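The entries follow in the order in which I went through them.

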Amino acid sequence: MTDSLRLPWRRAAMALGLAGLIPFSAAADEHITKSWAIAEFGEPLYDETIEHWPYANPDAPKGGTITLGAFGTFDTFNPYILKGEFPGSIGLIYDSLMEGSADELVSAYGVIAESVEYPEDKSWAIFNIRPEARFHDGVPITAADFKFTFDTIREHGRPFLKSFYDDVESAEVLSDHRIRFNFRTRNSMKPITIVAGTSPQPRHYWETRDISRTTLEPPLGSGPYRIKSAEPGRTIVYERVEDYWAADLPVNRGRNNFDIIRYEYYRDQTVQFEAFKAGKIDYRSEGEVKRWFTGYDIPQVNNGQIVKVEKPNNNPRGIGAFFINNRRDKFKDKRVREAIVNLYDFEAIQRTLLYGQYRRIKSYFPNSDFGVSGPPTPEEIAILEPYRDQLPPEVLSETFEPPKSDGSGRNRQNLRRALALFKEAGWELRDNRLVNAESGEQFQLQIITASPPTLRMAEPFVQSMRRAGIDASIRLVDPAQWRVIGDDFDFDLSTGRLNFFPPPGTELRSYFGSEAAGLRGSANSMGIKNPVADELIEQIINAEDLETLKATTRALDRVLLWNHYLVPVYYPDKHWFAYWDKFGMPEKSGRYSAGFSSTWWYDEARAAKLTN
C-alpha cells in the first residue's frame, strides 16, 4: 500500500526529524527536547491537534475484501535475515515507534511511541512507549522487545538492513515503557530518525523459536493486520485485527478498512494481467508502457467496470540501470565502462518501445532535489575541490549528460566513440570481434534479469553491443535465482533499481561504500570502491542542515556518474494504475501517494453494480 510505510526495514530508512517541540529540563545542565512528532530538517506539517490525515475518511466503512497481485514468490515470513524471499506485504502485521505521512518525505508521528526525548547534542534518544500498545496475543509491547529487535538486527540482520543502524551504538531498557538508543554521532538527527522507524519483534514469542532461520509459521505482530493463511509462493491472506490497539490513533483513523487483503503471486506479468481482466485481481499498478497504451482497450474499461487512472509521479526515484560488476577485471577500467554506456541507445528505445513516455535518468537520485542538474554549483565545487586530483576532470566542470543518438537505431557516432574508448583500454576490433589486444580473447558480457518486460527492452542494447564486436547475451532467471545471483555478485551486468530514502543517509554506505563492496548480500552490487565517495557519504550522514546535505549529495552524484559504474536507463514521471470499480476512496490523496492506498474501502453499492 503506497502510503502505509509499514515495512520496518524501509521505514527505518525514512527521513524523519523534529517538530512540535516541547523543551523541558531533565537535568540542571542538560536541555532536553520532547516531541510527539519529528522531522530531520524543519518541522512536521501537522501538529498535535490533527484528528486524522486530511487524505483519510474517518467515517470510511470497514469490511469487504481486496485481492492484489504480486510478482515473484516467497518462502519465508522472516524479513530480517539474508536467506529466503519474504513477501513485500509483510509490513501489514507490524507497527513502529513512529510513522510518516503521505504528504511529506521527511517527518514522522508517534504510533507505538507517544513521544521522543533527546538532548541538544542528539547523542541519545528516549522513546516513551504507549502503555496500551500490545501484540496480537494481548501481551504489552515493552522496551525489552525493542532491545531484542535491535540486537537481532545487529547479530542476524541482512547487510543492507544493518547498514541503517551503523551509527546506533546501543539500546538500553530504562523501564517497561522507556527505551533509550545511544548514538556514535553528535548533533545529527539521522540516527534518531532511523530508530524511530523500528518495529518491535515480540521477545516472548521468539524465546521458543529461532529468529536467525527462515520460517513459514505466521509471526506474531502488532499492526492492523495478521496473517490468516498462506500458500508459499502462491497466496498470502491478511485479516484485519478487529481489536487493533492503535485503530483510533490520529495516524490510523480512516485507514486499514478492508477485512481481508489477499495477495495472489504470479511469475508471469502477462498471466497476471489476464487474471486482472478476468476479475481475479481487483487492482493493478502497470509498469509496462506497451500494455498501458494497447492492452487496456477492452470492454471492461470501455464500459466503466474497470477504472484506468494516470497521475503525476511526485516521488523521488531510485536509479534504474544496468549495474556493472566492477569486481570483474574487464570492467575495472573506467574507459571500458564508459564505452558500454555509449552503446546504450535510449533515444531509439524511447521511440520504438517506450511510446515517448519515459525520461532518461541522469542522476543517482532522479526526480528529487538531491540529484544533479546542470553544471556544478559553487557549493558543489567547494565540496569537491579537496579531491580534485582523485577525480575525473569533468566532475568539477561539466554537466553530466548520457550519450545521445538521433533515435534512428543506428547509433553510429556513439559506436565509434565506444570503439575508441575500448581501444584506449586495450581492446580492438578484429574481424568484427572485440578482442584483447594482447591475448586475442573476445570481450564477453551477459546481462541478468528477472523481468520479462526488461528482457524485451534490453534486446536493442544487446544488439548494439554485438555490433561493437562483443559476445553479448541476456539471461532471464526467476526472482529467487536473481536474488541469489545478486547476493553472490555473480554477474557481468544486472538489471534493477535502487530504492531511495529521502533524504539520503546511512544506506549510502551499503549502496556505494567500499566496505560493503566485499560483503555478500550488500546493496553495493556494483562493487564500488572509491575513497572520495566514502568521504562524501560520511559528510552526507553528518550534515547538520538540509542545504549542505543536498549540495554534498549532488557532489557524490557527480563522482558516481562520471565514473560510469552503471548504465542509467529511464523512469516514468507518471503513475499508471487500474482497478475494478467497487471501491470508495477519499477525494484527496496524499502528495506522495498514488494508486491503492490504506485509505480505500470496499463499496458494497458499487460492487453490486458489477454483478448485475
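**An exposed glycine**

I looked up Gly287 and noted that its relative accessibility is 59%, so Gly287 counts as exposed, the cut-off being over 50%. I then placed Gly287 in the loop that runs between β15 (283–285) and α7 (289–295). I also checked Gly287 against Lys330, and found the two 43 residues apart in sequence and 33 Å apart in space, taken from C-alpha to C-alpha.

**Confidence**

I reminded myself that this is a predicted model, and I noted a mean pLDDT of 92 for the chain, with 95% of its residues at 70 or more. Over residues 1–29 I found that pLDDT stays under 50, and for this stretch the model has 124 contacts beyond four places in sequence.

**Nonpolar cores**

I turned to the largest nonpolar core, which has 96 residues, and wrote down Phe127, Phe181, Tyr364 and Phe512 as those with the most contacts inside it. Helix α18 (residues 546–562) gives this core its largest share, eight residues. Apart from this core I found another, of 51 residues, among them Ala275, Tyr296, Ala472 and Val569.

For Phe127 I listed contacts beyond its neighbours within four places in sequence, including Leu97, Met98, Val116, His177, Phe181 and Ile192.

How values were computed: Residues numbered from 1 in each chain as written. Predicted model: local features only at pLDDT ≥ 70, side-chain atom pairs only at ≥ 80, totals over all residues. Heavy atoms only, no water. pLDDT = per-residue confidence, 0-100. Contact = heavy atoms within 4.5 Å. Helix = DSSP H or I, 4+ residues; strand = E, 2+ residues; numbered from the N terminus. Buried < 20%, exposed > 50% of the residue type's maximum accessible area, 1.4 Å probe, protein only. Core = buried A, V, L, I, M, F, W, Y, C linked by side-chain atoms within 4.5 Å.
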